[in-house]
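Work through the exercises below with the sequence and the structure side by side. Try each task before reading its solution.

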Amino acid sequence: MDPLAYIERNQARMVERLQHMVRLPTTNPPGRNYQEMVGWLSRCCTELGMKVAIHRVADSTVEAEGADPSFPRLNLLARWDVGAPRTVHFNAHYDVVPAAGNWRMGGAFEAKVSAGWLYGRGSGDMKGSIAALLAAIEALVMTRSTPAFNMECSFTADEETGGRLGAGHIVREGLVNADYAVVCEGASATKVGLGHNGVLWLEVRIRGKSAHASSPDQGVNAFEAMAGLVHYLRPLKKGLAASSRRYRDFTGQVRNPTVNIGGVFKGSGQKVNTVPGDAIFTVDRRIPPNESLAHAEAELRRAIGKAADRVPRIRYTVRPILKIDPCVMDAEHALPRALARSVRHVRRGATGFRVTAGFTDLHYFIEDGGMPGIGYGVGGQRVHGTDERVRVRELVQTARTYAHFMLRDI
Ligand SMILES: [Zn+2]
């Protein structure tokens with residue numbers, strides 16, 4: 001039987017697998033049920049004949065990243081070697097963001113199916129893609145079809161908190177042994193993902209000196225200093241919005257680098273009658289693929305320094321809290337073209353490429369791993385929101401796209 005027809009005929013099994021995964025709430029933070037999830041995925045891959053290895057991140061590394069080591073960070077690698085000259089790595093994260101709000105379609109972790117949709121946290125982001133990937137591999141195995149390249153899969157932790165202990169960790173540790181990477185999210189349906197924006201989060205802390213409000217001259221007001229600093233940062237915003245800094249992606253859409261100041265701001269001033277001795281604010285800088293993270297950080301630190309020069313007596317420190325490289329692939333490269341061919345075959349429509357504003361784990365493979373990589377997976381709705389859902393048909397089509405792609409050389 002043709003593997004694509006096999007997927008169609010056995011879709012109930014894919015739905016069951018996804019339901020099982022949604023019912024294991026791998027909520028991150030803090031990183032619950034990773035052990036159960038990875039154990040189950042490991043059994044699935046073993047049943048499919050793959051060689052499986054589970055890697056636990058050292059507690060000291062988990063702590064160094066500011067995560068709670070009482071929740072173990074586990075990453076799974078599975079290989080299917082067919083003696084092909086090249087290897088393609090498929091990556092998916094299995095953690096999900098916490099669920100809040102009132103879910104109309106059962107609870108967030110019930111995985112109800114209704115009118116062709118499967119509901120639940122992670123159904124779209126991105127356990128649906130894991131189910132589609134497993135279904136594609138199963139279809140090849142059961143129809144005795146050999147993939148055109150060796151298959152390497154990873155199911156990783158912590159993408160929702162930056163991925164450094166998940167995809168970042170396996171790339172850093174040299175556990176990825178492949179020529180190309182497909183991250184199973186970042187674009188869907190008729191689009192193939194070629195990259196994403198980068199992000200830089202900084203925390204700026206102003207140190208003053210607290211004193212009683214009856215004699216404010218004895219203190220140094222950190223809140224006033226912060227207000228001054230933020231005020232003098234305004235030219236930065238204008239500069240980033242300039243047309244010379246525009247980035248045009250493959251859909252022809254243009255975007256500029258952006259900055260958001262004060263997503264978090266807080267301080268020691270909790271009493272009306274005290275001079276605040278401490279103030280903190282954050283900066284969120286988005287980095288299009290025509291800039292580098294290092295450049296953006298240097299520019300931002302320079303701007304903060306210049307603004308601080310205008311605030312008398314200010315003392316401050318700057319600390320990075322998240323750094324994600326932007327990444328982008330050439331649309332003419334054989335890898336995106338091969339996937340686009342499979343998308344066209346299955347979806348029967350014109351395909352396009354996209355570079356997303358939000359980030360995925362793709363940059364770890366492209367920037368740190370130095371390998372060509374693309375993003376493609378199941379497209380869900382209300383991702384990160386209440387009533388997150390995915391169409392069963394969408395699962396089937398994505399699985400068929402993966403299977404078609406696996407059978408053709410790049
Ligand atoms: Zn995701």
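**Exercise 1. A residue in a helix**

Task: Find which residues L134 touches, leaving out those up to four places away in sequence, and decide whether L134 is buried or exposed.

Solution. The model is a predicted one. Step 1: beyond its neighbours up to four places away in sequence, L134 touches R17 and C44. Step 2: locate L134 in the chain; its place is in helix 5. Step 3: count C-beta neighbours. L134 has 26 of them inside 10 Å. The cut-off for a buried residue is 20 or more, so L134 counts as buried. Step 4: take one distance. L134 and C153 are 19 residues apart along the chain, and their C-alpha atoms are separated by 9.8 Å.

**Exercise 2. Helix 5 against helix 12**

Task: Describe how helix 5 and helix 12 cross, and say which residues meet.

Solution. Step 1: identify the elements. Helix 5 covers residues 127-142 and helix 12 covers residues 392-406. Step 2: read the geometry. The two axes come within 8 Å and cross at roughly 50 degrees. Step 3: classify the angle. Angles under 35 degrees count as roughly parallel and 65 to 115 as roughly perpendicular; helix 5 and helix 12 are therefore oblique to each other. Step 5: list the residues. From helix 5 come G128, S129, A131, A132, L133, A135, A136, A139 and L140, and they meet L395, T398, A399, Y402, A403 and M406 of helix 12. Step 6: sort them by class. The contact of helix 5 with helix 12 has twelve nonpolar residues, three polar and no charged.

**Exercise 3. Helix 10 against helix 12**

Task: Repeat the analysis for helix 10 and helix 12.

Solution. Step 1: helix 10 spans residues 334-347, and its axis lies 9 Å from that of helix 12, at an angle of about 130 degrees. Step 2: this angle makes helix 10 oblique to helix 12. Step 3: the crossing of helix 10 and helix 12 is right-handed. Step 4: A338, L339, S342, V343, H345, V346 and R347 of helix 10 meet Q397, R400, T401, H404 and F405 of helix 12. Step 5: the contact of helix 10 with helix 12 divides into five nonpolar, five polar and two charged residues.

**Exercise 4. A residue in a loop**

Task: Where is E159 found, and is E159 buried or exposed?

Solution. Step 1: E159 is found in the loop between strand 6 (150-156) and helix 6 (167-172). Step 2: within 10 Å there are 28 other C-beta atoms, so E159 is buried. Step 3: leaving aside neighbours within four places in sequence, E159 is in contact with H93, D95, G166, A167 and D361. Step 4: for one of these, D95, the C-alpha separation from E159 is 6.8 Å, and the two are 64 residues apart along the chain.

**Exercise 5. Backbone exceptions**

Task: Most residues other than glycine have a negative phi, and most peptide bonds are trans. Describe the peptide bonds from P29 to P30 and from D125 to M126, and the phi values of A189 and H384.

Solution. Step 1: P29 and P30 are joined by a cis peptide bond with omega about 5 degrees. P30 is in the loop between helix 2 (11-22) and helix 3 (34-47). Step 2: the bond from D125 to M126 is cis, with omega near -15 degrees. M126 is in the loop between strand 5 (117-119) and helix 5. Step 3: A189 has a positive phi, near 55 degrees. A189 lies between strand 7 (180-183) and strand 8 (191-196), in the loop, and its 17 C-beta neighbours inside 10 Å make it partly exposed. Step 4: H384 has a positive phi of about 75 degrees. H384 is in the loop between strand 19 (373-375) and strand 20 (389-391) and is partly exposed, with 15 other C-beta atoms within 10 Å.

**Exercise 6. The whole chain**

Task: How many helices and strands does the chain have, and how does its radius of gyration relate to the globule rule?

Solution. Step 1: there are twelve helices and 20 strands in the chain. Step 2: the radius of gyration is 24 Å, close to the 22 Å that the globule rule gives for 410 residues, so the chain is as compact as a globular protein of that length. Step 3: 46% of the 410 residues count as buried.

How values were computed:
Residues are numbered from 1 along each chain as its sequence is written. This is a predicted model: local features need pLDDT of at least 70, side-chain atom pairs count only at pLDDT 80 or more; totals for chains, interfaces and linings use all residues. Axes are lines fitted to C-alpha atoms, for helices over the stretch in contact, and angles run from 0 to 180 degrees between N-to-C directions. Helices (H or I, at least four residues) and strands (E, at least two) are DSSP runs, numbered from the N terminus. Angles under 35 degrees count as roughly parallel, over 145 as roughly antiparallel, 65 to 115 as roughly perpendicular and the rest as oblique. Two residues are in contact if their C-beta atoms, placed from the backbone, lie within 7 Å. Ala, Val, Leu, Ile, Met, Phe, Trp, Tyr, Cys and Pro count as nonpolar, Asp, Glu, Lys and Arg as charged, and the others, Gly among them, as polar. The radius of gyration is taken over C-alpha atoms; the globule rule is 2.2 Å times the number of residues to the power 0.38. A residue is buried if 20 or more other C-beta atoms lie within 10 Å of its own, exposed if 12 or fewer, and partly exposed in between; C-beta atoms are placed from the backbone. A crossing is left-handed if the near helix is turned anticlockwise from the far one by less than a right angle, and right-handed if clockwise.
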